[in-house]
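I am opening my notebook on a structure that is new to me.

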Amino acid sequence: MIRINNVTKIYTTGESSVKALDNISLSAAPGEFVVVKGPSGCGKTTLLLTAGGLLHPEEGQIIINDQNIYEFTPENTAKFRAANIGFVFQQYHLIPYLSIIENVSIASLAHDSEIPEERAQKLIEELGLMERMHHTPAELSAGEKQRTALARALLYKPNIILADEITGNLDHKNASIVLKKLKEFTKSGGTVLLVTHDEKAKPYADRIVEMEN
Amino acid sequence: MNISLLVIKEIKRRKLNFLLGLLSVVFAVATVSGALTMLKIHDINSAIIISAKEKETQERMALLQDDYRKITKKLGFNLLILPKDQNLNDLYADDFAAKLMPESYVDSLANSHSVFIRHLLPSLQEKILWPEKQRTIILTGIRGEVPFLHKNPKEPMMVKVPKGTLIMGFELHKSMNLQEGDKVKIKGRKFTIRKCNESRGNKDDITIWINLKEAQEILNKPGKINAIQALKCICAGSELSGVREEVHSVLPGTQVIEKGSKVLWRAEARNRSAKEAIEAIEAEKQQQLKLRKERENFASILVPLILFASAIWIAFLFIGNVRERKSEIGILRAIGVKKWKIMNLFLLKAIIIGLTGALVGYFAGLSIGCILGGQFIMEVFNINLLLLVLVFAPILALMAAYVPATIAAGQDPADVLREE
């Protein structure tokens, strides 16, 4: 369960400031697939990063599993994030010199114990990347890269997936694979908060929230 | 997946960045190792040069000493041991010592453990009128050399004159037309001429040598002598003061004078030569020390400069590496990787650069040092230095990488992810 309560985020550069989020409230229950839609620049990514404990809001709270994540120390926030939140971004953020299996397993760096490789391999298989397992990101298509990023996010079975425009660069087929996997994740009790302006996500959403500029 | 694997994969991916960092450490370590190797070779060469010079000098000195010993022996006795109350004025005026001392003195000296004296010749000498020939002569009674009891016997410089015989100086036998085997009388006592000496150009030419016992009887001085001639050895500490001290400890009632200026000149020449040789060695040592100091000074300026430049270079490379990996660091932070692990990604890389650079740099420096020093010898391999650079090069690299690593760890992932 994630609750975003009256969150305001302001970016300040020198003397000018921009209010990216203005008193936003939103919640997503376990098993719920929430799509946040809105035009470019309306603060969707800021909302996602704030919800993931990466951007401290000026006002409001982010409550995940009944805990205000901004009350933690930075190190504990990182630990909490590793245990509970999975991130997927439009630009994939894969490490270019690692293979697919290594990129997925990189999530183990955030944990004290290594996860069995079988778990990473199973995810890769489920996402149709078995043949590409030892390839580097440069050798993959956009869809394959995004599936790899999703596998990385799912590796430690988080409670919440925060996804930012993940289908923006994908064709219909690949978008469908990724969204299906996210839906599957919600069916197993996870929460998905997907920010996008892509209509492809609409059929998978339990709820669609519109953001305005 | 762990940090080490990630670091190794990153190194493989960005080989140039790694090689440039490595090159920097190799250069720094090679400078240290090369400089120390050259200094070591310099020390070894200096030791060889000085040792060779010392050996050469010792050999030369040994030869000189031997020559001097032989010359000194040829020149005859160079010490005169006289009664303490003998006035030297009178001695030089009369050509002989008028004061007497017991003949037993020579035995006391022969029984002592003298270090500086070789060959002892007791004598009784007096200038007399040879009544039978109406000639002034120096009558000298000698008993032959008295051997030192604790030393190996030496070939005598002066042979014994048997009783009833005499040895005659050149001027005497020439002016009186006497020959070996002729018989003469001295104060009524008969003698056969045993030997006629060649001209010596000194008082020896008017000297007659007879047996000491007979001389004591003729001169009515039984058991007495007035001089002991001796030969001073050519050895360390054999200065006249040392000889005097030694003789006085055995014969307190005597005085010792050195005679024969040629001997002294030669000794002085030898000493000058020895002194010059020692000074030449000392000058060589000073020259080598000066050269070493110059090289040391050069190294002491060059090494810190290169170490500093190397550290700066590594720091810049790491800053570049941090920038290049901004996205990677951002996602790692986003998925919950702690700051210290991010730092370790860079610090571990720095350690690998430091260790590899130290190993390669040490041997590169060793080889360069050997080439420049002109010697390939095992002695220049210094395990302690190798261990030292294996410790300090990673520390240098760590120090250089620390700030960039801190920047990486402190990077706000939100900034990176928002930018993308």
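I started with Asp66(A), which is exposed, with a relative accessible area of 67%. I take buried as under 20% relative accessible area, exposed as over 50% and partly exposed as in between, with a 1.4 Å probe and protein chains only. This is a predicted model, in which local features need pLDDT of at least 70, side-chain atom pairs count only at pLDDT 80 or more, and totals for chains, interfaces and linings use all residues. Residues are numbered from 1 along each chain as its sequence is written, and chains are lettered from A in the order in which they are written.

I noted that Asp66(A) has a positive phi of about 65° although it is not a glycine. Most residues other than glycine have a negative phi. Asp66(A) sits in the loop between strand 4 (59–64) and strand 5 (67–68) of chain A; helices (H or I, at least four residues) and strands (E, at least two) are DSSP runs, numbered from the N terminus.

I then looked up His93(A), also not a glycine, and found a positive phi of about 55°. His93(A) is buried, with a relative accessible area of 3%.

Next I turned to chain B, where nine strands form an open sheet of mixed pairing, in the order 6-7-5-8-4-3-10-1-11. Two strands pair if DSSP finds at least two bridges between them. Strand 6 (183–186) and strand 11 (254–258) of chain B stand at the edges with a single partner strand each, so one side of each has no neighbour in the sheet.

Key
Heavy atoms only, no water.
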